[in-house]
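Work through the exercises below with the sequence and the model side by side. Try each task before reading its solution.

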Amino acid sequence: MSSAAKAIANRVNATHSTGPVDTSRTRFNGLAHGLTSKQTVIPGEDQNEYDTFASSMRKDLSPASATETFLVDRVIAAAWRLKRFTRMETAFFSNRIDAHLTGNPESNPDAALANLFTDPAEMSRMRLFLRYQNSVQKEYDTAIRELLKAKEERADEEYDATMVEALTQLEESEGPQSTIGFASQPLPVAASVVASAAASAAGAANSARYTGV
């Protein structure tokens with residue numbers, strides 16, 4: 001790239017920069033396995049309901065690459081398990097309250113519920129239940145975080161590609177008079193055209209980062 005094009009690139013990049021950029025690629029460590037609906041939908045759940053839920057989530061999250069599709073599938077699986085915990089929580093509390101009332105007929109549901117937080121055996125059951133629930137929540141949060149990172153990386157790559165194309169066109173036409181498509185323009189005007197293209201690319205990149213998430 002010529003010195004003039006480099007100068008334009010540096011000036012535009014300075015306006016685009018928002019601080020240090022993490023150039024590491026998306027990593028998948030910390031994500032649990034189990035992507036397919038057959039692994040996610042368990043007996044007693046409705047496959048059609050899952051398919052509708054997955055389709056709606058996929059539309060909202062709008063994956064635009066194979067990596068993003070992979071991560072969206074992770075998000076959907078974890079979100080479905082979190083929905084399952086809403087039902088499980090109701091069943092869990094009902095089961096433990098009924099067990100307490102069966103053994104203590106003189107008690108009442110409020111006292112039975114309080115017993116879950118005071119009786120050592122019940123507290124152990126609660127910890128196990130909550131540990132499992134927290135692990136699913138962590139899986140969901142990690143998948144969402146990795147999806148956002150993948151979207152940001154794609155947006156940055158699209159911005160870089162737009163800049164390279166604009167600067168290449170400028171370099172090809174560079175001279176005492178620079179022609180940018182429609183008329184001969186002095187180099188400073190050409191530079192402003194590239195800057196405008198960069199601003200448009202930056203806007204598109206920001207949109208790509210947050211679309212659907």
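The exercises go from the overall fold to single side chains, and the model is a predicted one.

**Exercise 1. The fold**

Task: Find how many helices and strands the chain has, and in what pattern they follow each other.

Solution: 
- Count the elements. There are seven helices and two strands.
- Read along the sequence. The pattern is α-α-α-α-α-α-β-β-α.
- Residues 24 or more positions apart account for 72% of them.
- The accessible area of the chain is about 12,600 Å², and carbon and sulfur atoms hold 56% of it.
- Of the 213 residues in the chain, 33% are buried.

**Exercise 2. Helix H6**

Solution: 
- Now look at the start of H6. There, a side-chain oxygen of Asp119 comes within 3.1 Å of the backbone nitrogen of Ala121.

**Exercise 3. Glu45**

Task: Decide whether Glu45 counts as buried or exposed, and find which side chains it makes polar contacts with.

Solution: 
- Locate Glu45. It sits in the loop between helix H2 (37–40) and helix H3 (47–61).
- Apply the cut-off: buried means under 20% relative accessible area. Glu45 has 15% relative accessibility, so it counts as buried.
- List its contacts, leaving aside neighbours within four places in sequence. They are Thr40, Trp80, Arg84 and Arg87.
- Pick out the polar contacts between side chains. Glu45 pairs with Trp80 at 2.9 Å and with Arg87 at 2.6 Å.

**Exercise 4. The nonpolar cores**

Task: Find which elements give two or more residues to the largest nonpolar core, and which element gives the most.

Solution: 
- Start with the members. The largest core has 16 residues, and those touching the most other members are Tyr50, Phe53, Met57, Leu61, Val75, Ile76 and Leu147.
- Assign the elements. H3, helix H4 (66–103) and H6 each give two or more residues to this core.
- H4 gives the most, with six residues.
- Take Val75 as an example. Beyond its neighbours within four places in sequence, Val75 is in contact with Met57, Leu61, Tyr140, Ala143, Ile144 and Leu147.
- Look for a second core. A separate one has six residues, among them Leu116, Met126, Phe129 and Val136.

Definitions and conventions: Residues are numbered from 1 along each chain as its sequence is written. This is a predicted model: local features need pLDDT of at least 70, side-chain atom pairs count only at pLDDT 80 or more; totals for chains, interfaces and linings use all residues. Side-chain values use heavy atoms; hydrogens and water are left out. A polar contact is a pair of N or O atoms within 3.5 Å; within protein, one must be able to donate a hydrogen and the other to accept it, and residues adjacent in sequence count only if both atoms are side-chain atoms. Helices (H or I, at least four residues) and strands (E, at least two) are DSSP runs, numbered from the N terminus. Buried means under 20% relative accessible area, exposed over 50%, partly exposed in between (1.4 Å probe, protein chains only). Contact means heavy atoms within 4.5 Å. Accessible areas come from the Shrake-Rupley method with a 1.4 Å probe; for residues, only the protein chains shown count as cover. A nonpolar core is a set of buried Ala, Val, Leu, Ile, Met, Phe, Trp, Tyr and Cys residues joined through side-chain atoms within 4.5 Å.
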